[in-house]
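Please look through the structure shown here together with its sequence, and keep both at hand while reading the explanation below.

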Amino acid sequence: MAILAIESSCDETAAAVIALSGELKASIVRSQQKVHANYGGVVPEIASRSHCVYMLPIIEEALAQAAIDYAALKGIAVTAGPGLLGSLLVGLASAKALALGLNIPLIAVDHLEAHIAAAYIGEARPDFSRAPVMALVISGGHTALYLWKEVGELHLLGNTVDDAVGEAFDKVAAQLQLGYPGGPVIDKIAGAYQGALLPLPIPMQHSKDLQFSFSGLKTAVVQHLKLHPALNETSQAQVAASFQAAAIEALATKLAAALRRNPNVQEVVVCGGVAANQGLRRRLQAIPEIKTRTLKIPPPKYCTDNAAMIARLGLDYFQRQQFSSLDTASYTSFSRSPVCRHEKTESPQ
Ligand code: KG4
Ligand code: ZN
């Protein structure tokens with residue numbers, strides 16, 4: 001007996017199967033990156049059409065990998081949002097059709113909550129009665145700090161005021177002619193670079209809130225490249241490493257500040273595509289506010305978009321019998337998510 005999970009919020013078509021015991025039985029991800037790379041970023045219309053092509057084969061592949069058939073399914077979990085509307089609709093419509101046809105519950109989940117749940121694949125979810133979990137969700141579309149107080153309850157502490165950090169990685173990589181997506185290639189080049197770093201600004205380092213901003217850092221890179229237009233391997237690596245160091249520092253500074261404001265937090269999750277970054281993973285271990293707590297970062301394959309995280313969170317909803325109606329709507333912005341809560345009171349730093 002198992003749950004099938006579907007993810008199609010952006011440019012990955014993914015399906016996974018999780019047994020009711022919590023054991024992950026299958027996880028298939030079909031990335032469309034090669035198609036979108038020709039355009040330097042995700043083209044929404046192409047993404048939704050590709051989801052239409054790949055959705056059913058991927059579901060069948062996941063069931064085959066798990067060695068089960070449709071009759072063994074007890075629920076269908078699916079991303080309802082946030083994401084690209086057309087892409088979300090393909091996954092949601094497929095999930096509704098399966099739930100209706102198989103007469104089993106639909107479990108619509110939030111993509112960002114699922115990114116956090118990725119840290120618990122293969123294990124029990126946190127004991128929320130002890131303390132909330134703090135989560136830093138960093139991806140191509142999101143850069144935000146949350147308190148995860150309960151399944152279905154994400155309290156927003158801070159958000160980006162402009163670009164998401166993954167978006168900044170992608171834009172800087174484009175400036176450096178390194179292709180799309182930019183995160184993995186900048187990570188690789190920066191990791192190998194041992195020279196001096198450029199003095200780029202660390203965004204929002206001295207702001208008293210928990211907000212993020214990455215467009216100024218991106219502009220600083222653009223300005224530098226205008227003054228030094230000749231690109232070679234060394235100059236590419238220097239810019240990539242300097243940008244990555246500043247971006248990591250910005251994330252580390254705000255995470256540390258958020259932990260100082262929330263001393264009761266015992267567990268910290270850093271997740272989303274950018275959490276795959278090796279430099280960031282190393283830097284996080286050195287943050288004093290983290291050393292006294294448990295830090296959980298999903299393995300890189302569960303940081304970027306996947307359906308295993310949807311399955312893991314879907315199982316929590318299933319166990320709590322929290323099901324969704326067949327007229328559940330998708331949403332493009334987290335502020336429209338049923339799990340979104342805004343923190344009203346903030347103590348000073
Ligand atoms: O979570 P994700 O797969 O999709 C969204 O929900 O957005 O995140 C994709 C983002 C892209 O911007 C990509 O460049 C970035 O994550 N990324 C990385 C790395 N791997 C992926 N950024 C930095 N370092 C990486 N190793
Ligand atoms: Zn994502």
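The paragraphs that follow take up confidence, the metal site, salt bridges, nonpolar cores and some backbone details.

This is a predicted model, in which local features need pLDDT of at least 70 and side-chain atom pairs count only at pLDDT 80 or more, whereas totals for chains, interfaces and linings use all residues. Residues are numbered from 1 along each chain as its sequence is written, chains are lettered from A and ligands numbered from 1 in the order in which they are written, and side-chain values use heavy atoms, with hydrogens and water left out.

The predictor's confidence in each residue is given as pLDDT, on a scale from 0 to 100. For this chain the mean pLDDT is 95, and 98% of the residues reach 70 or more. Where pLDDT is low, the predicted coordinates should not be read in detail.

The zinc ion (ligand 2) is held by His-111 through NE2, His-115 through NE2 and Asp-305 through OD, at 2.0 to 2.1 Å. Donors here are N, O and S atoms within 2.8 Å of the metal (3.2 Å for Na, K and Ca), and since water is not among the atoms, sites may look incomplete. Along the chain, the donors of this zinc ion follow the spacing H-x3-H-x189-D. The two histidines, His-111 and His-115, are four residues apart in helix α4 (residues 111-117), so about one helical turn separates them; helices (H or I, at least four residues) and strands (E, at least two) are DSSP runs, numbered from the N terminus. Both His-111 and His-115 are buried, where buried means under 20% relative accessible area, exposed over 50%, and partly exposed in between (1.4 Å probe, protein chains only). The angles among the four donor atoms of the zinc ion (ligand 2) run from 93 to 140 degrees, and the site is irregular. Four donors count as tetrahedral if all angles lie between 85 and 135 degrees, while four count as square planar and six as octahedral if opposite donors are over 155 degrees apart and all others between 65 and 115, anything else being irregular.

A search of the whole structure finds 13 salt bridges, each a side-chain nitrogen of Lys or Arg within 4 Å of a carboxyl oxygen of Asp or Glu. One of them joins Glu-23 and Lys-25, with 3.4 Å from N to O; Glu-23 is partly exposed at 45% relative accessible area, and Lys-25 is partly exposed at 36%. Another pairs Glu-150 with Arg-125, whose closest N and O atoms are 3.9 Å apart. Because Glu-150 lies in strand β7 (residues 143-150) and Arg-125 in the loop between α4 and β6 (133-138), this pair ties together parts that are 25 residues apart in sequence. Glu-150 also forms a salt bridge with Arg-320, with the closest N and O atoms 3.0 Å apart. This second pair links distant parts of the chain, since Arg-320 sits in the loop between α12 (308-319) and β11 (340-342), 170 residues from Glu-150 in strand β7. Arg-125, Glu-150, Arg-312, Asp-316 and Arg-320 are linked in a network of salt bridges.

The interior can be followed through nonpolar cores, which are sets of buried Ala, Val, Leu, Ile, Met, Phe, Trp, Tyr and Cys residues joined through side-chain atoms within 4.5 Å. The largest has 48 residues, and those that touch the most other members include Met-134, Ile-138, Phe-214 and Phe-243. Among the elements that give two or more residues to this core are β6, β7, α5 (165-175) and β9 (267-271), while the largest share, 14 residues, comes from α8. A second, separate core of 41 residues includes Ala-308, Met-309, Phe-318 and Phe-334.

Some backbone details remain. A cis peptide bond, with omega about -10 degrees, joins Gly-81 and Pro-82, and Pro-82 has its place in the loop between β4 (73-81) and α3 (85-102). The bond from Tyr-180 to Pro-181 is also cis, with omega near -5 degrees, and Pro-181 lies in the loop between α5 and α6 (182-192). Ala-67, although not a glycine, has a positive phi of about 55 degrees, and Ala-67 counts as exposed at 67% relative accessibility.
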